[in-house]
Amino acid sequence: ERLERELALQRAQAALSATVLRAPFAGIVHELRVHPKDRVTETEPILTLIDPSSWIVEAPIAERDLARLIPGQQATVMFEAYEGLVLPAELVNISMSRPTEQTKQLKAHLRLLQIDPRLMPALTARALVTLQEAKNVLRVPLEAVAEINGRYLVTRVRGSQVEEVEVQTGLSDDRWVEIRSGLEEGDQILANNYRLYEKYQP
C-alpha cells in the first residue's frame, strides 16, 4: 500500500511538472494567445516570446534581384514609425514560400547589428542592401539627374545662366547617384530637374 501511494505521488508530481512551461531562452512575452480555463493541444501556440537582444527584419524581394543578394551583405534599415532612425543590418538568408500553388514569395531576412529600445514586433521597416560601394566619388541627388531618351542630363548653373550637361552615371541608391564624368567638384546644379522632363515631354 505504501508503494502504491509513492507511485501515485510520483505520477501526480510528473503530471504537475508537465503543466509548467519553460522558455528556451530569456525574453519578453509579447503576445499571450490563451486565457485561464482555455483548453489547448500540444501543437497549439500559446504565446510569443521575444529575445530583445536579437531582431530580424523580414522584407519581400523581387525575383530579378535574387542573383545579386548574398548572405553577409551589409544593409541599412529605416522605420516608418521613427523618422531618422536608421540601423545597420546584415543579410542572413533568403527564403521562399508558396501561399498558393500559383504564387510564390521571396523574403530576405536581415539581422539588426544595433538595437534601439523603441523597437517592437510588426513595425513597418524599409531595408536597403549594399550591393556595391564607392568611396571618394562625386555624387548628386537622384532628382538632379533626368533620363531623357537614354541620356542622363543635369542642369548646371553658372552665374545667371543655366545649361544642360550630359553626364555619365555610376552607382546609386534611393537618394544619391554617382557622377563619373560631365561634372566637376564645385559645379552648381539644380537639385531637382523636373523642368528638363517638362521640356522634353512630347
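Residues are numbered from 1 along each chain as its sequence is written, and side-chain values use heavy atoms, with hydrogens and water left out. Because the model is predicted, local features need pLDDT of at least 70 and side-chain atom pairs count only at pLDDT 80 or more, while totals for chains, interfaces and linings use all residues.

Rolling a probe the size of a water molecule over the atoms shows where empty space is left. On a 1 Å grid over the protein atoms alone, a pocket is an open set of points where a 1.4 Å probe fits, with protein on both sides within 12 Å along at least five of seven lines; lining residues have an atom within 4 Å of a point. Grid points are joined across faces, edges and corners, and a volume is the space filled by probe spheres set on the points.

The largest pocket has a volume of about 880 Å³. Its lining consists of 24 residues, and Thr130, Gln132, Ser172, Asp173 and Asp174 lie nearest the centre. At least two lining residues come from each of strand 4 (74-79), strand 7 (125-129), strand 12 (168-172) and strand 13 (176-181), strands being DSSP runs (E, at least two residues) numbered from the N terminus. Strand 4 contributes the most to this lining, with 4 residues. By residue class, the lining of the largest pocket holds 11 nonpolar, 5 polar and 8 charged residues; Ala, Val, Leu, Ile, Met, Phe, Trp, Tyr, Cys and Pro count as nonpolar, Asp, Glu, Lys and Arg as charged, and the others, Gly among them, as polar.

The second largest pocket contains about 700 Å³ of space. It is lined by 30 residues, with Val57, Glu58, Ala59, Leu110 and Ala127 closest to its centre. Strand 2 (47-50), strand 3 (56-60), strand 6 (103-112) and strand 7 each give two or more residues to the lining of this pocket. The lining of the second largest pocket divides into 24 nonpolar, 1 polar and 5 charged residues.

A nonpolar core is a set of buried Ala, Val, Leu, Ile, Met, Phe, Trp, Tyr and Cys residues joined through side-chain atoms within 4.5 Å. Buried means under 20% relative accessible area, exposed over 50%, and partly exposed in between (1.4 Å probe, protein chains only). The largest core has 18 residues, and Val77, Phe79, Leu87, Ala89, Leu110, Leu112 and Leu119 have the most contacts inside it. Strand 3, strand 4, strand 5 (82-100) and strand 6 each supply at least two residues of this core. Residues up to four places away in sequence aside, Leu112 touches Trp55, Val57, Val77, Phe79, Leu87, Pro88, Ala89 and Leu119, contact meaning heavy atoms within 4.5 Å. A second, separate core of 9 residues includes Ala144, Val145, Val167 and Leu183.

The whole structure contains 9 salt bridges, each a side-chain nitrogen of Lys or Arg within 4 Å of a carboxyl oxygen of Asp or Glu. One of them joins Lys107 to Glu58, with the closest N and O atoms 3.3 Å apart. This pair links distant parts of the chain, with Lys107 in strand 6 and Glu58 in strand 3, 49 residues apart. Lys107 counts as partly exposed because its relative accessibility is 24%; Glu58, at 49%, is also partly exposed. Asp65 pairs with Arg68 at 3.0 Å between the closest N and O atoms. Arg156, Arg158, Glu163 and Asp187 are linked in a network of salt bridges.
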